[in-house]
Amino acid sequence: MNPTSIVRAVLDADPDALVVSSLGTATSALRAASDDGPHLYMGGSMGTALAVALGVAEKRPDRPVLALLGDGEALMGAGSFWSLAGLAPANLLAVVLMDGHYTITGGQQLGVPGAFGPVAAALGLATATARSHEEITGHVRALPRPAVLEVRYEDRSWPGPSPFVDAPVVRWRFEEEASR
Amino acid sequence: MTWQATLADALIESGVEVAAWVPDKRLAPIAQRLTERGVPPRTLTREEECFGYAAGYRAAGGMPLVLAQCSGLGNALNAIGSLVIPFGLAFPVVLSMRGTLGERNPSQMPLGRSTVATLEALGVQPFALRDPADAARYAKGAVNVAEGARVLAPILLEAELDL
């Protein structure tokens, strides 16, 4: 599994979702996997992607919402896992891409335990860990929302497309998608 | 009716659908009124998160509000600078001012003193509310700026107000 194939498996299992991706790997992988679909790609604001997804989920409770988060990014905004449990939107799944590295800044290792699943469980959130495409498909379909899905992988090949997105264009395309 | 209730009512009547905040004593009367009017503020863990939440809510087609103490602006700068502004995800903000006339806490002074300069350095125009009689006009004006002009619209609750 690599980031692009992981994100493709997530999208295939939840094809109607509104999607928010964190900066760096998650945004590049989502661009590659969706052929530049109308998603809310973060160009920066490290640590805010899950909070953004919470806002999307609360405005559109009738739509499934996915937050695709790098593990380093998710740590910077770790308080949002508490907010996910507090607000408990019934349409939001947070997927943490866990390779244990800060890829966009040059591949430095995380300095803390990547314990997203155990933390989510302690918060009363549904959680699971996937290590294959088949497990991703099964968990994305089966996990009750809100939930946190850990995806653990080792192939850290860069997805390809630039993560430096054209912000107004991203916003406009996402607004169109979210108005459906 | 208090000016805080007038402000909250005018924000709702102008189209605000949801609010996010980190609790603050000076903002509490506004939050209380929002709750009474069916818009209970979402209590999040950090001001940066409130701006992220509001950006997402706005991108999905809604009109959010952020309530924060001015010291929380410091916690939110990256969300404002690399998400809210470049993406054009505008909404009204109510900032309660600390570190200004009457402050007794030394730790509040630096960020209170630099709030306006910080906003202006980011290109964000602050609207300083000093007269309680202006509450409704400022609330409507801030929503207009966010909705129409599509820029962040912070109302500063200044020391002249009875907070």
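**Notes on the predicted model**

1. In chain B, Leu67(B) has Val94(B) of β4(B) as its bridge partner. The two strands concerned, β3(B) and β4(B), run parallel and are joined by 4 bridges. Please keep in mind throughout that the model is predicted.

2. β3(B) also pairs with strand β1 (residues 18–21) of chain B, again in the parallel sense and over 4 bridges. Here Val18(B) has Pro64(B) of β3(B) as its bridge partner.

3. Strand β3 (residues 64–69) of chain B is mostly covered, with 6 of its 6 residues buried. Pro64(B), Val66(B) and Ala68(B) point one way from the strand, while Leu65(B), Leu67(B) and Gln69(B) point the other way. In a regular strand, side chains alternate between the two faces of the sheet.

4. Helix α6 (residues 109–121) of chain B has 13 residues, which at 1.5 Å a residue should span 18 Å; the end C-alpha atoms lie 19 Å apart, in agreement with that. After α6(B) comes Gly123(B), with a positive phi near 80°.

5. Thr115(B) is also one of the buried residues of α6(B), together with Gly112(B) and Leu119(B). The cover over the buried residues of this helix includes α4 (70–75), β4 (92–96) and β6 (153–157) of chain B.

6. Chain A has an open sheet of 6 strands in the order β2-β1-β3-β4-β8-β7, with parallel pairing. β2 (40–41) and β7 (126–130) of chain A are at the edges and have a single partner strand each, so one side of each lacks a neighbour in the sheet.

7. Val20(A) stands opposite Leu40(A) of β2(A). Helix α1 (residues 3–13) of chain A packs on the sheet, where it touches β3 (65–70), β4 (92–98) and β8 (147–152) of chain A. The direction of α1(A) makes about 165° with that of β4(A).

8. How many residues of each chain are in contact with the other chain? There are 26 from chain B and 31 from chain A. On the chain B side, α3 (47–59) and α5 (77–87) each supply at least two residues, and α3(B) gives the largest share, 9 residues. By class, the chain B side has 14 nonpolar, 8 polar and 4 charged residues.

Note on methods: Residues are numbered from 1 along each chain as its sequence is written. Chains are lettered from A and ligands numbered from 1 in the order in which they are written. This is a predicted model: local features need pLDDT of at least 70, side-chain atom pairs count only at pLDDT 80 or more; totals for chains, interfaces and linings use all residues. Two residues are in contact if their C-beta atoms, placed from the backbone, lie within 7 Å. Ala, Val, Leu, Ile, Met, Phe, Trp, Tyr, Cys and Pro count as nonpolar, Asp, Glu, Lys and Arg as charged, and the others, Gly among them, as polar. The expected span of a helix is 1.5 Å times one less than its number of residues. A residue is buried if 20 or more other C-beta atoms lie within 10 Å of its own, exposed if 12 or fewer, and partly exposed in between; C-beta atoms are placed from the backbone. Two strands pair if DSSP finds at least two bridges between them. Axes are lines fitted to C-alpha atoms, for helices over the stretch in contact, and angles run from 0 to 180 degrees between N-to-C directions.
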